[in-house]
Amino acid sequence: MSTIASALSPSDRRELKVLTYNVHSCVGTDRRIDPHRIAAVIARSEADIIALQELDVGRKRTGGIDQAEMIATLLKMEAHFHPALHVEEERYGDAIVTALPTRLMRAAPLPSIGETRGAIWVQVDVHGWSLNVLNTHLGLRNRDRNRQVTALLSDDWIGNAQFQALPAVVCGDLNAIPSSPAYKSLATHFRDAQLSAGTRPRPTFPSRYPLLRIDHVFVSKELHVASVAITADPLTRRASDHLPLLVRLDLGRHVSNDTSIGNVASFER
């Protein structure tokens with residue numbers, strides 16, 4: 001993958017904030033359906049690119065609204081939505097939300113034996129250079145996750161020449177802890193942002209009493225992770241059953257090619 005050092009002068013320091021967030025169909029731990037509350041959590045983070053999982057669009061159970069469009073509108077952004085599940089007029093899936101210029105590259109299902117899963121890949125124009133962003137929500141079963149990661153690493157997705165040509169962020173609810181095969185497969189190609197931040201990794205699920213680190217942001221070796229934040233307060237503990245994971249990238253710094261990927265087994269519960 002190409003570097004971004006040539007795109008920015010040493011004095012041209014800019015940052016980019018990427019958030020991944022499983023919003024649980026905007027149903028909070030208090031059982032309230034509240035897209036406005038989810039939007040408030042996101043707005044407070046000041047994220048530039050937001051990867052959302054478990055969005056309802058036109059589903060009776062959540063009032064028939066388009067949650068992806070509503071959240072994007074509240075944030076004054078645009079949404080690319082992909083339905084992993086589509087039954088008649090009801091849809092359920094994932095989205096990438098941003099105010100930055102984007103180009104949809106691919107949105108498609110992933111191999112699934114249980115509940116259907118999918119992924120969405122966009123190219124984002126960030127201050128004149130391009131970044132690939134891939135958002136996914138992997139299955140609950142180990143066999144499904146392994147097949148899905150294999151598909152993501154194929155030429156249709158991450159192995160594609162257009163993906164390989166640019167710095168990249170791969171994120172989402174992977175339902176995979178760091179000791180799992182699915183996580184380790186992705187960690188051979190990308191760096192875990194939490195491990196790269198220089199602080200102890202923290203879990204994101206369940207939001208009331210976080211025990212599991214299953215929401216992840218992976219970055220290509222060119223991207224410098226300046227900091228990572230997981231906000232656990234009364235608002236985020238109520239808004240969804242997952243906590244949001246925010247990664248701040250320093251676009252003015254280049255990570256050398258010999259940067260270690262890190263020990264994928266280092267997570268401590």
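Mentor: Let's call a residue buried when its relative accessible area is under 20%, exposed when that area is over 50%, and partly exposed in between, using a 1.4 Å probe and protein chains only. With that in hand, go to Glu54: its relative accessible area is 13%, so Glu54 counts as buried. Keep in mind that you're looking at a predicted model, where local features need pLDDT of at least 70, side-chain atom pairs need 80 or more, and totals for chains, interfaces and linings use all residues. Numbering runs from 1 along each chain as its sequence is written, and side-chain values use heavy atoms, leaving out hydrogens and water.

Glu54 sits in strand 2, and its phi is positive, near 60 degrees, although the residue isn't a glycine. Now step back to Glu46, another non-glycine with a positive phi, about 60 degrees. You'll find Glu46 in the loop that links helix 1 (35–45) to strand 2 (49–57); helices (H or I, at least four residues) and strands (E, at least two) are DSSP runs numbered from the N terminus. Glu46 has a relative accessible area of 55%, so Glu46 is exposed.

What does helix 1 pack against, and at what angle? Its partner is helix 2 (residues 67–75), at about 45 degrees with the axes 9 Å apart. That pair is therefore oblique (under 35 degrees is roughly parallel, over 145 roughly antiparallel, 65 to 115 roughly perpendicular, the rest oblique). From helix 1, Pro35, His36, Ile38, Ala39, Ile42 and Ala43 make the contact, and helix 2 answers with Met70, Ile71, Leu74 and Leu75 (contact being heavy atoms within 4.5 Å). Sorted by class, this contact of helix 1 with helix 2 has nine nonpolar residues, one polar and no charged ones.

Pro206 lies in the loop running between helix 6 (193–196) and strand 10 (215–219).

Searching the whole structure for disulfides turns up zero, where a disulfide is a pair of cysteine sulfur atoms within 2.5 Å.

Note on methods: Axes fitted to C-alpha atoms, helices over the stretch in contact; angles between N-to-C directions. Nonpolar A, V, L, I, M, F, W, Y, C, P; charged D, E, K, R; others polar.
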